[in-house]
Amino acid sequence: MDILSIFVSLEFIMWVNNIEFLSLFELYARNSIFLILIIFQTVFNTYQPLSSDLRIGYITRYIIACITFFFFMSALLFLTQFRYIGGVWGRGIIFQNLILVFVLGLVFRWLIKLYKKRVIGAVEVSALLILGKDKLQTFVRENFRSLKNVNVYIYLEGNEKIRISDQNLSKVIFIRGKKNLESYFQKENQIFDFVIFDSNVSISDDTLRDLMDAKLHGLKVFDLTDFFEYYFEKISVLNVQDRWIVFSNGFSIISNKIALRLKAILDFVGALLLLILTSPLIILAAFLVKITSTGPILYSQVRVGLSGKEFNIFKLRTMIADAEKEGAKWSSFNDPRITKIGAIFRKTRIDELPQLFNILRGDMSFIGPRPERPEFIKILVEEIPYYSLRHLMKPGLSGWAQVNYDYGSSVNDSLVKLEYDLYYIKNYSFYLDLRTIIKTIRVVVFGKGR
């Protein structure tokens, strides 16, 4: 809808200001740069499903995105003197267009909200049916706590007694007995959004046939691991088995030499351009490190990369000198070893910029699992199943785990981050890389790094 509003407003502004182009193609080709607004909207988090309510916070982010876009376009005109914009448009026309796009955007969002309310407003809560045994207690409590107003129906074929207590789950309903389950599978009684089936737990042939019939009538049925991957965009490591990895779709990037070569070329070109653009910032940051604390400016550390190969990673020093004289330690929240200027660099990820040299050397990629230290790898491989799979791809300057989870400082944190890393490796695509880059920009803009 935003893309549509951009081009509708362009034509209207042209008509009002008596601006003529040779053709519609020329109009769209010359003014496609306005689509950068979509990127700004994404960075300021206006396309998240939970952001569809037109509340003050959401509208504020929407306004800030438009204002930021206007200043960006103004700076672009001033610095580059784009002829196809500067010669015809100017900041006044850009501002008129942006105001119209903003109004149309709010109208479209109001219509979307109205549409959702009329079509699915009768369903007050989402509903999940889970087929399994007592381990569902832990699974639901730990992984569904982010879902509010959810009815969780749990079907147990045996006589297991479990209790699930979580304030974020509005209701947990236990279904016992085949007859009761059949009635829920009937088309007129289907109230579930999803049925989650734990393939590690056997159910009767009758239940399986009922489930198949329900799926053929439109009910969405997921294996426990597949649902986790589909809904949370990560892979539940503790539920994964070897056969699932063997027979599931994905992990194609590992054997796709063309895609890997293309990714390497884009990494090299992108790192070279970014290094040139950020070199003044790196020099300034290095100067600040030097005058604010004693010790070297750059910090080199051994990390584990592709296929378990070790390499030296480069960073601007953000900790006091000899921060690990007593041995390797995980960085923690409000770590006293971090210097004042180092805390700022970590928030904005400026300390990571020297790793562009690692990308140019071929040790790293722009997007991928973050490289871990060999001292921690030895522990994590023993504690976490499938941890070594993250070494199937080059480590990244940023990654799917980094933009979806806070800084890891424990084995449990590493487990969660591995779930995101495996999702990235299994579902790698240019689109997923683009999503990660945009989320990385959001992290930097709002200072969520550590």
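These exercises work through a predicted model.

**Exercise 1. Check the length of helix H1 against the distance between its ends.**

Step 1. Helix H1 covers residues 2-16, which makes 15 residues.
Step 2. The expected span is 1.5 Å times one less than the number of residues. For H1 that gives 21 Å.
Step 3. The end C-alpha atoms of H1 are 21 Å apart, so the two values agree.

**Exercise 2. Which residues of H1 are buried, and what follows the helix?**

Step 1. Apply the cut-off: buried means under 20% relative accessible area.
Step 2. In H1 the buried residues are Asp2, Ser5, Ile6, Phe7, Ser9, Leu10, Ile13 and Met14.
Step 3. Recall the helix geometry. An α-helix has 3.6 residues a turn, so residues three or four places apart point the same way.
Step 4. Look just past H1. Asn18 has a positive phi there, about 55°.

**Exercise 3. Describe helix H10 from its start to the residue after it.**

Step 1. Begin at the start of H10. A side-chain oxygen of Asp223 comes within 2.9 Å of the backbone nitrogen of Thr225.
Step 2. Move along the helix, residues 224-232. Leu224, Thr225, Phe227, Phe228, Glu229 and Phe232 are its buried residues.
Step 3. Step off the end. Glu233 follows H10, and its phi is positive, near 55°.

**Exercise 4. Is Asp267 buried or exposed, and which residues distant in sequence does Asp267 contact?**

Step 1. Locate the residue. Asp267 sits in helix H12, residues 257-292.
Step 2. Its relative accessible area is 7%. Buried means under 20%, so Asp267 is buried.
Step 3. Set aside neighbours within four places in sequence. Asp267 then contacts Ile359, Ser365 and Phe366.
Step 4. The Asp267 side chain reaches the backbone nitrogen of Phe366 at 3.2 Å.
Step 5. Compare sequence with space. Asp267 and Leu360 are 93 residues apart along the chain, yet 7.7 Å separates their C-alpha atoms.

**Exercise 5. Classify Leu415 and Phe95 as buried, partly exposed or exposed.**

Step 1. Leu415 belongs to helix H17, residues 411-426. Its relative accessible area is 14%, so Leu415 is buried.
Step 2. Beyond four places in sequence, Leu415 touches Val237, Leu238 and Ile384. Pro385 is 30 residues from Leu415 along the chain, with 8.8 Å between their C-alpha atoms.
Step 3. Phe95 belongs to helix H6, residues 91-120. Its value is 43%.

Note on methods. Residues numbered from 1 in each chain as written. Predicted model: local features only at pLDDT ≥ 70, side-chain atom pairs only at ≥ 80, totals over all residues. Heavy atoms only, no water. Buried < 20%, exposed > 50% of the residue type's maximum accessible area, 1.4 Å probe, protein only. Helix = DSSP H or I, 4+ residues; strand = E, 2+ residues; numbered from the N terminus. Polar contact = N/O pair within 3.5 Å; in protein donor to acceptor, adjacent residues only side chain to side chain. Contact = heavy atoms within 4.5 Å.
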